[in-house]
Amino acid sequence: MGTSLKKGRLEEVDVINKITINNMELKILSFGGEVFSSDSVTSATLMTGIGEITVLEDHAPLLTSIKPSTMYVVYVDKHGTEKRDDFAIWSGVVEVSNSSVKIMADMLVDIDDLDLDKAERARNEALALMEKYKNAKDKVDMEKFIEAEDMLLKCIAQLKLGNMK
């Protein structure tokens, strides 16, 4: 709000501050193809091998791994409205360069496509498998333990995303 002098008296008026935001370009790819693409992204937040990061315009160049977690993207839609999309993301890599962000993930689930019951069943199955293989001395069993642990991390990311609904 601001003030304006009108006919000898002060009046409150709406002041619209026009700020030019130079947005980033973001592409998220998975093995299934392009999942998300926008050239009007204001921020992307995700968990990487170096911790949680939020990428903004003019971010320093970066190439790092992604850990299974939730991520969210804030962007401006074609009507000029700021939107937020939330995803569960698995392993992958993120590259940031010249206000361009490219994410390659082995899988990505949009919050609108989330099946919480399926994620909960998979979590329970992963925990049971981990319990079965946790004391294994056989190399094959240890590999199965690691696969079950990976499945558990994916399920946790989906369940965490479900808590955001």
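This dialogue walks through a predicted model of a protein, feature by feature.

Student: What kind of model is this, and how are residues numbered?

Tutor: It is a predicted model, where local features need pLDDT of at least 70, side-chain atom pairs count only at pLDDT 80 or more, and totals for chains, interfaces and linings use all residues. Residues are numbered from 1 along each chain as its sequence is written, and side-chain values use heavy atoms, with hydrogens and water left out.

Student: How many helices and strands does the protein have?

Tutor: Begin with the rule. Helices (H or I, at least four residues) and strands (E, at least two) are DSSP runs, numbered from the N terminus. Here there are two helices and eleven strands. The order along the sequence is β-β-β-β-β-β-β-β-β-β-β-α-α.

Student: What share of the residues is buried?

Tutor: Buried means under 20% relative accessible area, exposed over 50%, and partly exposed in between (1.4 Å probe, protein chains only). Of the 165 residues, 36% are buried.

Student: Which residues have the most contacts inside the largest nonpolar core?

Tutor: The general idea is this. In soluble globular proteins, nonpolar side chains tend to be buried together. A nonpolar core is a set of buried Ala, Val, Leu, Ile, Met, Phe, Trp, Tyr and Cys residues joined through side-chain atoms within 4.5 Å. The largest one here has 21 residues. Those with the most contacts inside it are Leu 26, Ile 28, Phe 36, Met 71, Val 73, Val 101 and Ile 103. At least two residues of this core come from each of β3, β4, β5 (51–55), β6 (62–66), β7, β8, β9 (92–97) and β10. Another core, of seven residues, lies apart from it; among them are Ala 88, Trp 90, Ile 111 and Leu 161.

Student: In which sense do β3 and β10 pair?

Tutor: Two strands pair if DSSP finds at least two bridges between them. Strand β3 and strand β10 (residues 100–105) pair in the parallel sense, over six bridges. Ile 28 stands opposite Ile 103 in β10. Strand β3 (residues 24–30) also has two faces. Met 24, Leu 26, Ile 28 and Ser 30 form the covered one. Glu 25, Lys 27 and Leu 29 form the uncovered one.

Student: What is Ile 103 in contact with?

Tutor: Contact means heavy atoms within 4.5 Å. Neighbours within four places in sequence aside, the contacts of Ile 103 include Leu 26, Ile 28, Leu 46, Ile 66, Met 71 and Ile 89.

Student: Where does the charged end of Arg 84 sit?

Tutor: A charge sits over a ring if NZ of Lys or CZ of Arg is within 6 Å of the ring centre and within 35 degrees of the ring normal. The charged end of Arg 84 sits over the ring of Tyr 72, 3.7 Å from its centre.

Student: What is the phi of Asp 58?

Tutor: Most residues other than glycine have a negative phi, and most peptide bonds are trans. Asp 58 has a positive phi of about 65 degrees. Asp 58 is in the loop between β5 and β6 and is exposed, with a relative accessible area of 62%. Asn 98 has a positive phi too, near 50 degrees. Its place is in the loop between β9 and β10. Asn 98 is exposed, at 73%.

Student: Is Met 130 buried or exposed?

Tutor: Met 130 is buried, at 13% relative accessibility. Its place is in helix α1 (residues 116–133). Met 130 is in contact with Phe 145, Ala 148, Glu 149 and Leu 152, leaving aside neighbours within four places in sequence.
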